[in-house]
Amino acid sequence: KCRLKDKSINDVGSMSLYCIEHKLDNYFVSLINSNFLFDFYRTFINQSVNIQLNDIRQLPIVIPSENQKYDFENLFDRAYKIKVQEFDKKINKSEAELKLNEIQEELDEMVLKLYGFE
């Protein structure tokens, strides 16, 4: 759904959103990758396959406490390391997917709790 990347040249088929406050980049990427916010986006903002930047700006973003931010960054770092291991051929794709699915479940639980649904 959402990836962390450096600034680059893009066309209209590949939207990019950059945080003004880089301290929240990993947190923001994590939120957008949660099923809760993705489902919210698809249900209430835009049902089409084309994701627009102005649509993303309409998402309700909770500003995390320092502890919450730390927990989300830790989860992000774990997922990032798995992808690096996969790209470096240290683990295979199916092993990476299993580990990332576990992280996805943790992320979804954390986001539901953040938004007061657990």
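I started with Glu109, which counts as partly exposed because its relative accessibility is 46% (buried is under 20% relative accessible area, exposed over 50%, partly exposed in between, with a 1.4 Å probe and protein chains only). This is a predicted model, where local features need pLDDT of at least 70, side-chain atom pairs count only at pLDDT 80 or more, and totals for chains, interfaces and linings use all residues. Residues are numbered from 1 along each chain as its sequence is written, and side-chain values use heavy atoms, leaving out hydrogens and water.

I placed Glu109 in helix 5, residues 93-114 (helices are DSSP runs of H or I with at least four residues, numbered from the N terminus).

Next, the rings. I count 5 aromatic pairs (centres within 6.5 Å; planes under 30 degrees apart are stacked, over 60 edge-to-face, the rest tilted). For Tyr27 and Phe72 I get centres 5.1 Å apart and planes at 90 degrees, so I log the pair as edge-to-face. Tyr27 sits in helix 1 (residues 25-32) and Phe72 in helix 4 (residues 66-87), so this pair ties together parts 45 residues apart in sequence. Both Tyr27 and Phe72 are buried.

Then I looked at Phe36 and Tyr115: centres 5.2 Å apart, planes at 45 degrees, so the pair is tilted. Phe36 belongs to helix 2 (residues 35-45) and Tyr115 to the segment after helix 5, so parts 79 residues apart in sequence are tied together. Which residues do ring pairs link into a cluster with Phe36? I find Tyr115 and Phe117 there. Phe36 is partly exposed at 22% relative accessibility, whereas Tyr115 is buried, with a relative accessible area of 16%.

Technical notes
Helix = DSSP H or I, 4+ residues; strand = E, 2+ residues; numbered from the N terminus. Phe/Tyr/Trp six-rings, centres within 6.5 Å; stacked < 30°, edge-to-face > 60°.
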